[in-house]
Amino acid sequence: MSISKTSMTGAAAPFGSYQSSPDPISGELPIKLGYYCGGKYTESQTSKYIPCYDPSTGAVIAHAPQCMADEVEEVIGNAVAAFPGWSNTPVGRRVQVLYRMKTLVEAHLDELTRLLARENGKKWDEAMGDVLKVVEVIEFACGAPHILKGEALMNVSTGYDTTRYSVPVGVFAGIAPWNFPAMIPHGWMVPICLAAGNCMVLKAASFCPQSSMRLTELWYEAGLPPGVLNVVTTSRNEAEIFLRHPDIKGVSFVGSTTVGKHIYATAAANGKRVQALTEAKNHALVLRDCNADRTAQGIINAFCGCAGERCMALPVVVIENAVADTVIPLIVKYARGINLGRAYEKSTGMGPVVNGGHKEFVLDWIRKGIEEGAELLLDGRNPIVPDGCDKGFFIGPTIFDHVTEEMSVGREEIFGPVLCIKRVESFEEGITVMNNSRFANGSVIYTRSGYYARKFAKETHGGMVGINVGIPVPVGIFGFTGQKQSFFGDLHMMGRDGFIFFTESRNVTSTWFDESRPSTGKVDTWDGTMTNLPR
C-alpha cells in the first residue's frame, strides 16, 4: 500500500487509524504507519509504536512502528537480493531514475513542504529548503557517469596496461536524524549510494518518518527496482543489527556524538566503512570592523533558523569588546521581532522544536545557563504563540551574554534557539577560544578585513568556514566536512568523498601474448610489472 497524498492528510489512512484523540485544529485522527520492504509499503507486525507529533499544536498525527529484528533482517535480505541486478544496470540507466526523481520532487514540492513542516516544525521556507536540498544532491549524483570514470595507463611496463575501475560495494545502511527528514536521508545518503550502483536500507527518524516514506514512494514511482531502497523505523536495539550484519558493507550516520562514536567503533570493528556526522558547537568571531547591522541579521538567521535544530547552527558568538555594545543590542532587537507560529503557515517567523522531550531538553539548558551565572538578555521560555498553539513545542529566541569558558552552556550542543555570547579583546584571543572547542563543524568570521579573513580561514579548526556567511554549508558538489568530534570516519558525505565512500577501486593489469612468437617459458618474480629492473 502506498503512502498517497490523501493518506498523509488522514483521508485514507493506511492500515486503519488508531482511535486516538483527533487533532484539535483539523479534526484528523492519527495514522498508523508502515515500512518499505522490497518496494512495497508493508504493515509491521510489531506491537510497539512511537507517537509522531505536529509540533505546532502538540497533537499526535501518526504512529511509527518499532520494526522487529526479523523485519530488519527481511529488509536487508531484500536489498541483498536486489544488488546484483542494480549493480549490473548501466550507470546511464541508473541515473535516468535519478532524473525522474528530481522531476517528481519538484512536481510535489508544496505537498512535501507541508508534510515536512507539519511533522518536523520547520517553518515553510525552511521546510521547502529541506526538500530542495534533495534535488541539489540528486542533480550532482546525476553526474555519476563522469564521476565514476576510472583511469588507465597503457604500457605501464613493456606490454602491460593497467585500468582502475570504481565498482559498487553492496548494501549500505543509512541512519538518519529527525532534524532534516528529507535532506539528510534522501539527499546526503540515498542519491549517491544508488547512483554508484549500491542498495540501501534506511532507518528513518521515528519522530518524523512521513517525509522519508513519501520520498521513498516517489523513488519507486521514478522507476527504482524493488528492494534497491528499503526504509524502516525501529529502536536502537534493532538498529544494532546494521552495525554487525555481514551483508551490510557500510554505514552512513548523522546524530549525536555519543551514538556516532559507538556506531563508528562497532561497525568498523565488524569490517564496515563508516561515515558518522555528529554534534557541533559552532562559533562566530565578530571583529570590531564588521558591518554591525548585517552581522546582527546574519547571526539571527544562523541561531534562530530551523529553531536552532541543525548542526550548522550558530549557537556561540565570540565578539570583540570594542564592538560588543553596538552589535549585541541589534541582535536582541531583531530576536525580539521574530513571530512564532504554526510551521506550515507562510507568515511564521520561527516554528517550534520537534517534540515535548526536546523542548524540555532545551529548557533545561536555559536553566543551566542561568545557574552557571550567564547574563540572560532575552528569555524565550514563555513565548507568545497563536491561538490553538498553546500545547505546541515553542521556545522563543534566548540570548546569554558574558558566557565564559567554564560554563557548559557555552561548550555543549543545545540544539535549540539559544545564543551564547563570549567577549574577547582581540582576534588572537577569539580564535583561541573557538579552537578550544572539541567540535569543529563550522566556524564563521564577520569582518571587512581581507587579512583577518584569510588568517581565520587558515587557523580555524572548523571544517566548513564562513567569511561573513553565518551558515557555511557547502553545496552538495563539495561535501560536508566536519572535523574533530563532529565527524568520525575518513570520507565525508557528498562531493567526491561521497562517491569514493560508496565505491571500491579495482585495478586491472593485463598483458596479451603474440601467438606468432614462441614462448620463452620464463616468468620473472614480478610477472613483467617491474619497470626498473636492470637489463
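Helices α9 (236-244), α10 (257-269) and α13 (356-371), together with strand β11 (248-254), each supply at least two residues of the lining of the largest pocket. The structure is a predicted model, in which local features need pLDDT of at least 70 and side-chain atom pairs count only at pLDDT 80 or more, while totals for chains, interfaces and linings use all residues. Residues are numbered from 1 along each chain as its sequence is written, and side-chain values use heavy atoms, with hydrogens and water left out. Helices (H or I, at least four residues) and strands (E, at least two) are DSSP runs, numbered from the N terminus.

**The two pockets**

Rolling a probe the size of a water molecule over the atoms shows where empty space is left. On a 1 Å grid over the protein atoms alone, a pocket is an open set of points where a 1.4 Å probe fits, with protein on both sides within 12 Å along at least five of seven lines; lining residues have an atom within 4 Å of a point. A volume is the space filled by probe spheres set on the points, which are joined across faces, edges and corners.

| Pocket | Volume | Lining by class |
|---|---|---|
| Largest | about 970 Å³ | 16 nonpolar, 10 polar, five charged residues |

The largest pocket is lined by 31 residues, and Trp 178, Arg 236, Gly 255, Ser 256 and Val 259 lie nearest its centre. Helix α9 gives the most to this lining, with four residues. The second largest pocket has 23 lining residues; closest to its centre are Tyr 160, Thr 511, Phe 513, Thr 520 and Lys 522.

Tyr 160 stands opposite Thr 511 in β23. Strand β7 (residues 160-168) and β23 run antiparallel and are joined by nine bridges; two strands pair if DSSP finds at least two bridges between them. The open sheet has the order β6-β7-β23, with antiparallel pairing. Strands β6 (151-157) and β23 (503-511) each have a single partner strand, so one side of each is left without a neighbour in the sheet.

**The seven-stranded sheet**

A second open sheet has mixed pairing and the order β15-β16-β17-β14-β13-β19-β20. Its edges are β15 (375-378) and β20 (464-467). Strands β13 (residues 283-286) and β19 (residues 442-446) run parallel, joined by four bridges, and Ala 284 stands opposite Val 444 in β19.

Glu 320 belongs to strand β14 (residues 316-320). This residue is buried, with a relative accessible area of 5%; buried means under 20%, exposed over 50%, and partly exposed in between (1.4 Å probe, protein chains only). Among the residues that Glu 320 touches are Val 286, Arg 288, Val 424 and Phe 427, where contact means heavy atoms within 4.5 Å.

**Two residues with positive phi**

Most residues other than glycine have a negative phi. Cys 306, with phi near 55°, has a positive value. Cys 306 lies in the loop between α11 (292-304) and β14 and counts as buried at 7% relative accessibility. Asn 468 also has a positive phi, of about 60°. Its place is the loop between β20 and β21 (483-484), and at 34% relative accessibility Asn 468 counts as partly exposed.

Note on methods. Ala, Val, Leu, Ile, Met, Phe, Trp, Tyr, Cys and Pro count as nonpolar, Asp, Glu, Lys and Arg as charged, and the others, Gly among them, as polar. Lists of a residue's contacts leave out its neighbours within four places in sequence.
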